[in-house]
Amino acid sequence: MLYEKVSFVEAIEILAKRLGLSIPYQRGEKSNIKAILYDAVAEASLFFHKNLLEGSGAKPVFEYLAKRGIDKEAISTFKLGYAPPRNSLLDYLRSKRFTLEILEKASLVIPKGAGFRDLFQERIMFPIFDVRKRAVGFGARIWKVQNDAPKYINSPENFLYSKREHLFGLHLSKDDIVRSNAAIVVEGYLDMIVPFMRGIRNVVASLGTALTLEQIRRIKRYTSNIILVFDSDKAGQIATARAIDLLLENELKVEMVSLPGGYDPDSLVRQKGTDYFLHIIDAKKDFFDYKKDILKDIYDVESIEGKTKIAQEMLSTIDKLTSEVAKFEYIKKLSHFLKVKEEILIAEYRRVFLSAKKVRRETLSDIGAMPVPITEKILLKWMLIDKRAFSLIKKNLKDKDFTHPSAQRAVSYLLKDPIEDANFGSSHILSSIHDKEISGFVSSLLMDDGIPFTKENFKESLLKLRKNRIREMKDRLREEIKDAEKVGDKTRLKSLISKYRRMYSREVKPHPSRPAFSSLSEENGDPHLTERLDVSGGHRKNSPFKGEGSMRK
């Protein structure tokens, strides 16, 4: 289980699957929907893959890939595919009895007119798998000139897929990353595939973007050593610079590789060979030397202004280190490079960064002195303890509905990172919070026995914050109506008045015997009721609702 680097429940599922056993627990409605979505994406991946290998119109695509160094073995290993024109996938999946709702939720089709169409058409398909080797989304590349068509499009964010959280090829390279205790991180799909197929197995791709915090945390499960191999152009340097600070903050050792001008990992391996690429990898630099070399090409290291700029940039990155010893040693290196005394750089570091931290601590102390509204304390405590309460709050409120800065930050953190059902619980949530200030605030709430903790308090608090939100939306809509009236925009005025009426007509009042909540959402400034939620029925072990009825949809 440790070697798989997954949670205990995931490990049980993996083992059961290997042994041909069923999982001895019931899945909820959401889990069933999720399972169907996985099936739909898997079926789409197989459809694209088979179409590339056997489709009558895919031969030119096959030949294009061969020219790019992608042979049949690579196609098979990465399950690459081809999306044909028209609604071929839609027709195929409908024949497999998948509903349009499921296909839209899986981001395989998009609305068009009164119907739907395939999202991916006439593109090479790169399926993206999670670490359990389940297809969750796609990257799609054009292979011939298409007017005004973007070179790449990706699956939109959905119930299964978030671009920020996944790394292309990790499902294949994770074992080699563990064995070598290092991950080579590249940008694009082909940058990962070509080196991998030529024997460099501990490589992953960041899906064409700078590394995100979520991706860094995922890599950290397998190694603490990162080698960044981004393009040598300006965009690649910016992506690398952004990643350096995040990696250092998360206590990873980071080294950078500078590729020869005009090359990316894909073209370098194909044109110069694997040995040459490995030679370039061996010449990697640590973060200090890499950033220093970039800065000295931008600023005049001999001028006072240049020294000042370089010192500020380098000290900013050095500040991200968690070890005070390491900070001091790198300041010594910076002193030698700039020919500026260590004491001067240390004084500058203390002036700029330590004083800033002191001000931030004092500001946070002032914020901490502000009383947290009791309604917000109640809702936060419920979020941390009860899964169904968490779900209700997530559907009905946003972080900005909370007024206290600490409560807002805590809710934003909790809503941003999805919590697996099996991992739900205050102890797991606390252990997953890396921000010490949020963690301390959340801990204080959990230990505060003075917070009322009944079902009625929860309902009243949720309803109060939701009403505040509705009131603000109505006020904003009133102002828009006034503005439209002033300029005489009758079309917009009519539309806004209709929205205003709908807001009143759709408000759901509590049933005398069963209180109900309406979940308000905003999309493109258009408030509308999306879902009716209630608090009733069913008991759940260890739930504060036990004996009173727990929350269900």
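Let me begin with a charge over a ring: Lys34 lies over the face of Phe159, at 5.8 Å from the ring centre, where a charge counts as sitting over a ring if NZ of Lys or CZ of Arg is within 6 Å of the ring centre and within 35 degrees of the ring normal. The charged end of Arg201 is likewise placed over a ring, that of Phe196, 4.4 Å from its centre.

Before I go on, a word on the source: this is a predicted model, in which local features need pLDDT of at least 70 and side-chain atom pairs count only at pLDDT 80 or more, while totals for chains, interfaces and linings use all residues. Residues are numbered from 1 along each chain as its sequence is written, and side-chain values use heavy atoms, with hydrogens and water left out.

Rings of Phe, Tyr and Trp (its six-membered ring) pair if their centres lie within 6.5 Å, and planes under 30 degrees apart count as stacked, over 60 as edge-to-face and the rest as tilted. By this rule there are 13 aromatic pairs. One of them, Phe168 with Tyr189, is edge-to-face, at 4.9 Å centre to centre and with 85 degrees between the planes. Phe168 lies in the loop between β6 (152-154) and α7 (170-180), and Tyr189 in helix α8 (residues 189-197), so the pair ties together parts that are 21 residues apart in sequence; helices (H or I, at least four residues) and strands (E, at least two) are DSSP runs, numbered from the N terminus. Both Phe168 and Tyr189 are buried, where buried means under 20% relative accessible area, exposed over 50%, and partly exposed in between (1.4 Å probe, protein chains only).

Phe288 and Tyr330, by contrast, form a stacked pair, 5.6 Å centre to centre and 25 degrees between the planes. This pair links distant parts of the chain, with Phe288 in helix α13 (residues 287-298) and Tyr330 in helix α15 (residues 324-338), 42 residues apart. Phe288 is buried at a relative accessible area of 1%, and Tyr330 is buried at 17%.

Turning to charges, there are 20 salt bridges, each being a side-chain nitrogen of Lys or Arg within 4 Å of a carboxyl oxygen of Asp or Glu. Lys285 and Asp293 form one whose closest N and O atoms are 2.6 Å apart; Lys285 is partly exposed at 29% relative accessibility, whereas Asp293 is buried at 18%. These two residues also belong to a network of salt bridges that links Lys285, Asp286, Asp289, Lys292, Asp293, Lys296 and Lys333. In helix α15, Glu329 forms a salt bridge with Lys332, the closest N and O atoms being 3.7 Å apart, and because the two are three residues apart in that helix, about one helical turn separates them.

Which buried residue has no salt bridge? That is Asp118, whose nearest side chain of opposite charge, Arg117, is 7.5 Å away, with Lys and Arg counted as positive, Asp and Glu as negative, and His and the chain ends not counted. Asp118 is found in strand β3 (residues 115-118), and a polar atom of its side chain lies 2.9 Å from the backbone nitrogen of Leu90. Leaving aside residues up to four places away in sequence, Asp118 touches Arg86, Asn87, Ser88, Leu89, Leu90, Leu108 and Val109, contact meaning heavy atoms within 4.5 Å.

Key. A polar contact is a pair of N or O atoms within 3.5 Å; within protein, one must be able to donate a hydrogen and the other to accept it, and residues adjacent in sequence count only if both atoms are side-chain atoms.
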